[in-house]
Amino acid sequence: MAAPQGAHYGKVARNEDILRVWGIIPQNPSLLFPISPQRPAAVWTPRHPIGTDKDMTNDLEALQREVRSFLAAEAPTGWRDASRTQDDFVRTQRDWFGKLVRAGYAIPHWPAEYPGGGRSLAEQKVIYEELAGADCPRLLLSFVSTYHAFATLHECGNAEQKARYLPKILEGETWCQGFSEPGAGSDLAAIKTRAELQSRPDGDVYVINGQKVWSTMAQFADKCLLLARTSSDGVKQAGITYLLMDMKAPGVTVRPIHQIQGDEEFAEIFLDNVEIPASERVGEEGKGWAVAQATLASERGLTLMELSYRMRGALGRVAKLIRDHGHTEDRGVLRDFGVLVTQVDAVCAIADQFLDNRINGIERMGDASIVKNAYSRALRAYSALGLRLGGMDEQYVAPITFGDLNTGNWMADFMNSYAWTIAGGSEEVQRGIIAERMLDMPREPKGWVL
Ligand SMILES: Cc1cc2nc3c(=O)[nH]c(=O)nc-3n(C[C@H](O)[C@H](O)[C@H](O)COP(=O)(O)OP(=O)(O)OC[C@H]3O[C@@H](n4cnc5c(N)ncnc54)[C@H](O)[C@@H]3O)c2cc1C
């Protein structure tokens with residue numbers, strides 16, 4: 001079969017190209033082999049390290065210089081040691097977010113009317129890669145705010161909600177996501193948390209009772225994107241309403257979940273007669289399922305573009321392990337690194353295509369699922385190779401720093417990589433969506449029991 005032609009094709013991918021750009025030079029020339037001699041053409045075009053991308057325009061190069069000069073002065077150092085306790089973690093995250101907001105690099109995906117917004121996709125990618133290449137921490141405390149809350153309010157919020165909340169996010173207001181419940185994760189539409197509309201002298205309120213679980217960083221959040229049931233009539237999806245909840249409201253109890261590796265990344269949220277003004281509803285009552293799709297699409301699309309480019313920027317950490325641990329003549333390691341680099345590049349290309357399509361108004365059911373699964377698989381491969389190359393040093397229990405791919409502890413990164421096969425919809429469920437909605441395979445029978 002003829003090799004496909006196009007922008008991404010036409011160059012034989014050689015381990016030599018990949019290794020050179022990552023500064024790995026084996027003495028033995030037989031180790032510089034084509035990755036796949038059977039294939040006449042392959043997808044990889046050498047673009048690393050950051051800054052050697054032949055497709056970069058002058059404008060992008062200028063942006064890159066600007067980001068680099070900012071990072072040379074401001075990139076946090078020692079943030080891992082300074083994030084060992086929860087209080088320190090919150091402080092370092094808030095400091096770094098504030099600096100990025102002021103520099104104009106915190107929200108490149110927002111519209112141009114916000115400071116630092118209005119960046120093209122190509123510009124966003126430069127920023128994400130540079131941040132990862134400079135070993136900066138990911139904005140774990142604020143990603144629900146800058147991605148999920150932003151996407152929801154931007155696409156479905158009314159003018160007053162946008163004007164009230166989006167600027168506050170830039171001032172540091174943090175959001176969490178209250179979707180999942182015990183018994184309603186993959187089957188999100190099965191949520192049982194109730195919202196009952198009641199009249200009060202100063203306006204209608206929804207009175208909320210129920211429980212949420214797995215809410216990332218809810219213990220630090222000011223606001224919550226909440227799904228609640230306003231009706232049990234008809235199909236499950238039809239009775240769901242989307243609300244913006246104040247986490248300090250009376251009746252909200254947050255209980256962090258202590259995890260096996262020592263941190264508390266998630267929390268349960270208990271809701272006991274919590275009152276939310278009806279003006280805090282996003283979209284119409286009973287139409288929250290459609291609004292939730294905006295949140296989930298952001299989680300499975302936009303967020304993953306940042307993460308994919310961050311992983312690309314962080315490949316240098318694996319290359320460093322190869323050099324530092326004397327693996328530069330190890331054929332198996334060099335092969336695995338070459339495969340990893342191409343896998344990460346492929347994820348970036350898939351995420352690019354997804355976002356290009358979205359910008360052009362093209363989105364098929366299942367597209368976001370492909371990005372999600374491609375990312376979580378590459379993340380597992382990335383952290384598994386790092387763990388393997390790190391040797392015994394990486395096997396020890398170390399104090400936890402929150403993170404996903406650059407905690408500085410490969411064992412923690414490896415364990416975290418599995419979280420990504422569940423977060424935002426499990427890998428199996430995404431595969432079900434791809435099979436049924438994209439490949440037109442038979443629908444999973446509903447309501448069956450083993
Ligand atoms: C790191 C992380 C962060 C998260 N953050 C948040 C958050 O901030 N807010 C929030 O609301 N939730 C959050 N979640 C929850 C997440 O959305 C759910 O864990 C996820 O949707 C799966 O639901 P569940 O845990 O109830 O598992 P279940 O739905 O009970 O699934 C259990 C197992 O059964 C499989 N399974 C279920 N249904 C099917 C099917 N139809 N076909 C094949 N296999 C199936 C699943 O793949 C899984 O392996 C987070 C989860 C993680 C891991």
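Which residues come nearest to the ligand? Of the 19 residues around the ligand, these are Phe179, Gly185, Ser186, Ala423 and Ser426; a residue is near a molecule if its C-beta atom, placed from the backbone, lies within 6 Å of it. The structure is a predicted model, in which local features need pLDDT of at least 70 and side-chain atom pairs count only at pLDDT 80 or more, while totals for chains, interfaces and linings use all residues. Residues are numbered from 1 along each chain as its sequence is written.

**The chain as a whole**

- The protein chain contains 13 helices and eight strands; helices (H or I, at least four residues) and strands (E, at least two) are DSSP runs, numbered from the N terminus.
- Of the 450 residues in the protein chain, 41% are buried. A residue is buried if 20 or more other C-beta atoms lie within 10 Å of its own, exposed if 12 or fewer, and partly exposed in between, with C-beta atoms placed from the backbone.
- Among contacts between residues at least 6 apart in sequence, 72% join residues at least 24 apart; two residues are in contact if their C-beta atoms, placed from the backbone, lie within 7 Å.

**The shell around the ligand**

- Strand S1 (175-178), strand S3 and helix H13 (427-438) each supply at least two residues of the shell.
- Domain 2 (174-287) and domain 3 (301-438) each contribute at least three residues to the shell; the domain bounds come from an automatic or database domain assignment.
- By class, the shell has seven nonpolar, ten polar and two charged residues. Ala, Val, Leu, Ile, Met, Phe, Trp, Tyr, Cys and Pro count as nonpolar, Asp, Glu, Lys and Arg as charged, and the others, Gly among them, as polar.

**Strand pairing**

- Strand S7 (residues 266-277) runs antiparallel to strand S3 (residues 205-216), and ten bridges join them; two strands pair if DSSP finds at least two bridges between them.
- Gln211 has Phe270 in S7 as its bridge partner.
- S7 also pairs with strand S6 (residues 252-257) in the antiparallel sense, over six bridges, and Ile269 in S7 is the bridge partner of Val254.

**Helix H8**

- Eleven of the twelve residues of H8 are buried, including Leu302, Glu306 and Arg312.
- The cover over these buried residues includes helix H4 (121-133), helix H7 (288-300) and helix H10 (331-359).

**Asp187**

- Asp187 is placed in the loop between S1 and strand S2 (194-198).
- Asp187 counts as exposed because it has 10 C-beta neighbours inside 10 Å.
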